[in-house]
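The entries below follow the order of looking.

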Amino acid sequence: QVQLVESGGGLVQAGGSLTLDCAASGRTFSNYAMGWFRQAPGKEREFVAAISQRGYSTYYADSVKGRFAISRDDALNTVYLQMNSLKPEDTAVYYCAANRAFGRAEYDYWGQGTQVTVSS
């Protein structure tokens, strides 16, 4: 089992920045690729970003490419999502998730989510 707890959400004005943290506990964090997803009201959950084990590879949804950056610190068992140039359409509940295989579609563990609201 891997337990994931997100933090760092909040209210920010358009054009602003926010950093989300996801702290992991349980099984060895470094063994897992990590991802961030989001779900806006009335919409399906969508992929945002992912990072491989050891952070060698990352990839992003087109909608956030160039604005968001995912990173990890295996010593702290934490994955981050730095969000810049935020837009109202970035408003959503953001979830982190752990995947035993980078690039695999199905994620194994999920956090409870943290709300991000971007005002115009």
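**Entry 1: terms.** I count a polar contact as a pair of N or O atoms within 3.5 Å, where within protein one atom must be able to donate a hydrogen and the other to accept it. I note that the model is predicted.

**Entry 2: Asp 90.** I located Asp 90 in the loop between β8 and β9. Is Asp 90 buried or exposed? I find Asp 90 buried, with a relative accessible area of 0%; the cut-off for buried is under 20%. I then listed its side-chain partners. A polar contact of 2.9 Å runs between the side chains of Asp 90 and Arg 38. Another, of 2.8 Å, joins the side chain of Asp 90 to that of Arg 67. Not counting residues up to four places away in sequence, Asp 90 touches Arg 38, Arg 67, Phe 68, Ser 85, Val 116 and Val 118.

**Entry 3: salt bridges.** How many salt bridges does a search of the whole structure find? I get seven. Asp 90 forms one with Arg 38, and the closest N and O atoms are 2.9 Å apart. Asp 90 lies in the loop between β8 and β9 and Arg 38 in strand β4, so this pair ties together parts that are 52 residues apart in sequence. Arg 38 is buried too, with a relative accessible area of 6%. As background, side chains of opposite charge can pair when their charged atoms come close.

I looked up two further pairs. Asp 62 forms a salt bridge with Lys 65, the closest N and O atoms being 3.0 Å apart; Asp 62 is exposed, with a relative accessible area of 66%. Asp 74 forms a salt bridge with Arg 72, with 2.8 Å between the closest N and O atoms. Asp 74 is partly exposed at 25% relative accessible area, whereas Arg 72 is buried at 14%.

**Entry 4: the sheet.** In what order do the four strands of the open sheet stand? I read β1-β3-β8-β7, with antiparallel pairing. The edges are β1 (2–7) and β7 (68–73); each has a single partner strand, so one side of each is left without a neighbour in the sheet. On average, and with direction ignored, neighbouring strands of this sheet are turned by 15° against each other.

I went through the pairings of β8 next. β8 covers residues 78–83 and pairs with β7 in the antiparallel sense over six bridges. Ile 70 has Leu 81 of β8 as its bridge partner, and Phe 68 stands opposite Met 83 in β8. β3 and β8 also pair in the antiparallel sense, over six bridges. For Leu 18, the bridge partner in β8 is Met 83.

**Entry 5: the turn and Thr 78.** I looked at the hairpin of β7 and β8, which has four residues between the strands. Asn 77 takes a positive phi near 55° there. Thr 78 is in strand β8. I find Thr 78 buried, with a relative accessible area of 9%. Where does the side chain of Thr 78 reach? It goes to the backbone oxygen of Leu 76, at 2.9 Å. Leaving out residues up to four places away in sequence, Thr 78 touches Asp 21, Cys 22, Ala 23, Phe 29, Ser 71, Arg 72 and Asp 73.

**Entry 6: the core.** I looked up the largest nonpolar core, which has 31 residues. Which of them have the most contacts inside it? They are Leu 4, Met 34, Trp 36, Leu 81, Met 83 and Tyr 94. At least two residues of this core come from each of β1, β3 (18–26), β4 (33–39), β5 (46–51), β7, β8, β9 (92–99) and β11 (114–119). In soluble globular proteins, nonpolar side chains tend to be buried together.

Leaving aside neighbours within four places in sequence, Tyr 94 is in contact with Glu 6, Leu 20, Trp 36, Phe 37, Arg 38, Val 48, Phe 68, Leu 81, Met 83, Gly 113, Thr 114 and Val 116. Among them are Trp 36, Leu 81 and Met 83, which are also among the core residues with the most contacts.

Technical notes:
Residues numbered from 1 in each chain as written. Predicted model: local features only at pLDDT ≥ 70, side-chain atom pairs only at ≥ 80, totals over all residues. Heavy atoms only, no water. Pairing = 2+ DSSP bridges. Axes fitted to C-alpha atoms, helices over the stretch in contact; angles between N-to-C directions. Core = buried A, V, L, I, M, F, W, Y, C linked by side-chain atoms within 4.5 Å. Buried < 20%, exposed > 50% of the residue type's maximum accessible area, 1.4 Å probe, protein only. Contact = heavy atoms within 4.5 Å. Salt bridge = Lys/Arg side-chain N within 4 Å of Asp/Glu carboxyl O.
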